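Colleague: Please take a close look at a single part of this model. After that, I would like to know how the elements around it are arranged.

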Amino acid sequence: MRVPTAIAVTSADLVLPAPDRHTPGAALLHPPEQLDLESALAETGALLERHGHLVALVPPWLPRSTVQRLHTVRAILETDRIALLGIDLPPLGTALLVRQLRQLSVCDFSPGIIASAARLLSHYIYAGALLGSVAKLDRVRVPVGLGAHARSWSPSAQFAVMAHPKPHLAKLGGGGGSQGGAHGPRGALLPAGPEFATHLTFARGQLTSDWVTAELAPAWQVQGVLENPLPAASPGWWGTPKLVEFAAGIPDLSVLYQLVASVRREECRWCGLELIGDRCGFCAAPLTAPPPPASTARSRP
């Protein structure tokens, strides 16, 4: 019986509940403050022994020590069977992508396809948050004007923010929930939603509001809503603990399978694994060789 490729995370709160009994859980790679290097090597080695290949998401908001530990373990083990994928999504969006990869891991895709599918699937994730302040939001690449900064000081201020796939920021009126609504017509300032069937996952921080379930979910016509505990990294990523984070993505395994299977498969010219897209998920080699330097090209006959 084939053992699915291991999908790994660095924090247990990035593991969303499985949508069905066939979806495996995620492997937990403990950070340096929880596990010494010798134990981390044994932990990762056991995963490779059981699963053959390991795919781990490495978002840029991880602590530097955690990222360094992951690269150190891969280097010491001298293996090309560990994929460290740099995917730039907010914490709850990252957890949603992890669940989609877990779903795909039981399909007949090779480890190289599963790893390179992460970049493809990330384009179909809509990640945002309802925030009580945008004073520290600039650092997550969502433009914030001076007016929005000034309104952040209002005790009742609430903002609808999209970080992915396109930045969006709108000030909500009232309390930001179903009682207050948005300025103007209902939903006029709602962020544009996906044009395909999705489920919405949300997590509450220190902000009391039903805006996500009462306003956003109906406007996006989501097929289901799931509440999940807030990831520990979310307040730091969004710049405030006063938030309700949300992420919408494709829930149906058959749709995810068709999406990945429809992309042309290539063979990595460096490690030989299958891939989709323009870069190998395991060795990071580009699909095509870079052009030679101009000086080298001129010297050739």
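Is Thr-23 buried or exposed, and which residues does Thr-23 touch?

Modeller: Thr-23 is buried, because its relative accessible area is 9%; buried means under 20%, exposed over 50%, and partly exposed in between, with a 1.4 Å probe and protein chains only. This is a predicted model, in which local features need pLDDT of at least 70, side-chain atom pairs count only at pLDDT 80 or more, and totals for chains, interfaces and linings use all residues. Residues are numbered from 1 along each chain as its sequence is written, and side-chain values use heavy atoms, with hydrogens and water left out.

Thr-23 sits in the loop between S1 and S2. Helices (H or I, at least four residues) and strands (E, at least two) are DSSP runs, numbered from the N terminus. Not counting residues up to four places away in sequence, Thr-23 touches Ala-18, Arg-102 and Gln-103; contact means heavy atoms within 4.5 Å. The loop between strand S1 (6–9) and strand S2 (27–28) also holds Thr-10. Thr-10 is buried too, with a relative accessible area of 11%. Leaving aside neighbours within four places in sequence, Thr-10 is in contact with Leu-28, Leu-29, Pro-31, Leu-62, Thr-66 and Leu-70.

Gln-103, one of the residues that Thr-23 touches, belongs to H3. Helix H3 has 14 residues and spans 20 Å between its first and last C-alpha, close to the 20 Å expected at 1.5 Å a residue; the expected span is 1.5 Å times one less than the number of residues. Because 14 of the 14 residues of H3 are buried, the helix is largely enclosed by the rest of the structure.

Part of the surroundings of H3 is another helix. H3 (residues 91–104) packs against helix H8 (residues 253–261) at an angle of about 85°, with the axes 10 Å apart. Axes here are lines fitted to C-alpha atoms, for helices over the stretch in contact, and angles run from 0 to 180 degrees between N-to-C directions. H3 and H8 are therefore roughly perpendicular: angles under 35 degrees count as roughly parallel, over 145 as roughly antiparallel, 65 to 115 as roughly perpendicular and the rest as oblique. On the H3 side, Gln-100, Gln-103 and Leu-104 meet Leu-253, Leu-256, Tyr-257 and Val-260 of H8.

S1 and S2 lie in an open sheet of 4 strands in the order S2-S1-S3-S4, with parallel pairing; two strands pair if DSSP finds at least two bridges between them. S2 and S4 are at the edges with a single partner strand each, so one side of each has no neighbour in the sheet. S3 and S4 run parallel and are joined by 4 bridges. Leu-57 stands opposite Leu-85 in S4.

Helix H1 (residues 37–51) has 15 residues and reaches 21 Å from first to last C-alpha, close to the 21 Å expected. The buried residues in H1 are Ala-40, Glu-43, Thr-44, Leu-47, Leu-48 and His-51. They span an arc of only 130° around the axis, which puts them on the same side of H1; the arc is that of the directions from the helix axis to the C-beta atoms. Glu-38, Ala-42, Glu-49 and Arg-50, on the other side of H1, are exposed. Cover for the buried residues of H1 includes S1, S2, strand S3 (54–57), helix H2 (64–77) and strand S4 (82–85). Gly-52 follows H1 and has a positive phi, near 90°.

There is also a second sheet to describe. This open sheet has 6 strands in the order S7-S6-S5-S10-S8-S9, with mixed pairing. Strand S7 (168–172) and strand S9 (224–227) are at its edges with a single partner strand each, so one side of each lacks a neighbour in the sheet. Neighbouring strands are turned by 20° against each other on average, direction ignored. S5 has 6 of its 6 residues buried: Tyr-126, Gly-128 and Leu-130 on one side, with Ala-127, Ala-129 and Leu-131 on the other. S5 runs antiparallel to S10, with 6 bridges, and Leu-130 has Val-244 in S10 as its bridge partner. S5 is also antiparallel to S6, with 5 bridges, and Ala-127 is paired there with His-164.
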